Amino acid sequence: MHLGVISLFPEMYRAVADYGVTGRAVSQGRLVLNFWNPRDFAQDKHRTVDDRPYGGGPGMVMKVEPLQAAINAAKQQLGSDTKVIYLSPQGQVLDQQSLVTMSQRQSMIVIAGRYEGIDERLIASQIDEEWSIGDYVLSGGELASMVLIDGVTRLLPGVLGDEESAQQDSFMNGLLDHPHYTRPEQLDNQAVPSVLLGGDHEAIRKWRLKQSLGRTWLRRPDLLAMKTLSDEQTALLEE
Ligand code: SAM
């Protein structure tokens with residue numbers, strides 16, 4: 001996937017470009033990240049990227065022309081039909097299904113806002129989708145866009161090996177993940193559930209499914225209410 005990022009602070013993206021699963025995806029060429037900084041497109045000698053809001057009041061707004069020029073430059077490289085995403089607390093709240101849909105695209109352009117955000121007319125004319133990472137306000141869109149980039153990247157083909165497959169993760173099948181254990185077998189007075197030590201793969205699969213169902217029922221009944229359960233899942237939940 002080719003991702004164009006528009007941000008006043010491209011250095012922040014080292015957090016995804018250099019580390020862990022996303023860093024590996026970049027070094028393997030499965031994720032290509034390019035950056036456009038609106039400051040590089042500012043025309044005045046101070047390279048101004050913010051401006052006062054019409055109507056007055058506190059805060060500044062991202063200056064239109066440098067941002068517009070950065071979007072144009074990104075589209076020129078990624079293609080004019082590439083979806084342009086603005087990270088915004090006013091967008092649709094991101095969930096796993098939206099990330100799955102995004103992960104099937106060839107490319108995307110993501111815009112990280114700063115200040116009070118971007119001019120409403122740019123949203124109307126340039127932005128295809130507005131996504132929020134939750135009902136709270138951050139000071140910039142960089143962290144929010146890195147959440148989106150990380151979540152999408154781990155779904156790209158070949159990024160996670162079989163061993164760490166995303167298919168088992170919470171939300172992928174409408175349930176929370178089952179609990180995980182590693183050595184030691186005994187931790188103070190807590191033992192690893194014996195079924196996990198026996199090597200009976202079918203018993204382990206059933207136990208894990210039952211745990212998934214149980215903790216989803218306890219912690220996120222809203223997920224269960226939206227899910228159509230299989231006969232096996234219904235039976236396990238009723239056990
Ligand atoms: N005045 C805006 C409002 O209240 O809707 C908030 C602007 S916020 C201080 C600056 C930037 O941070 C936004 O333009 C956006 O890119 C990003 N941002 C803040 N909270 C976010 C969230 N929950 N999800 C996605 N992006 C967010």
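Visitor: Which elements each supply at least two residues of the shell around the ligand?
Guide: They are β5 (83-93) and α6 (141-153), where helices (H or I, at least four residues) and strands (E, at least two) are DSSP runs numbered from the N terminus. The largest share of that shell, 4 residues, comes from β5. Please keep in mind that this is a predicted model, in which local features need pLDDT of at least 70 and side-chain atom pairs count only at pLDDT 80 or more, while totals for chains, interfaces and linings use all residues. Residues are numbered from 1 along each chain as its sequence is written.

Visitor: And which residues come nearest to the ligand?
Guide: Of the 19 residues around the ligand, the nearest are Pro89, Gly113, Gly117, Gly141 and Ala144, and a residue counts as near if its C-beta atom, placed from the backbone, lies within 6 Å.

Visitor: Take Tyr136, then: is it buried or exposed?
Guide: Tyr136 lies in the loop between β7 (129-132) and α6, and it counts as exposed because 7 other C-beta atoms lie within 10 Å. The cut-offs are 20 or more such atoms for buried, 12 or fewer for exposed, and partly exposed in between, with C-beta atoms placed from the backbone. Val137 is found in the loop between β7 and α6 too, and with 9 C-beta neighbours inside 10 Å Val137 is also exposed.

Visitor: New topic: which residues touch the most other members in the largest nonpolar core?
Guide: That core has 40 residues, and Ile6, Ile85, Leu87 and Val110 touch the most other members; a nonpolar core is a set of buried Ala, Val, Leu, Ile, Met, Phe, Trp, Tyr and Cys residues joined through C-beta atoms within 7 Å. Among the elements that each supply at least two residues of this core are β1 (2-6), α3 (64-78), β5 and α6.

Visitor: Where is the cis peptide bond?
Guide: The bond from Arg183 to Pro184 is cis, with omega near 10 degrees, and Pro184 sits in the loop between α6 and β8 (186-187).

Visitor: Last one, how many Å apart are the C-alpha centres of domain 1 and domain 2?
Guide: The centres lie 37 Å apart, with domain 1 covering 2-153 and domain 2 covering 170-238, bounds that come from an automatic or database domain assignment.
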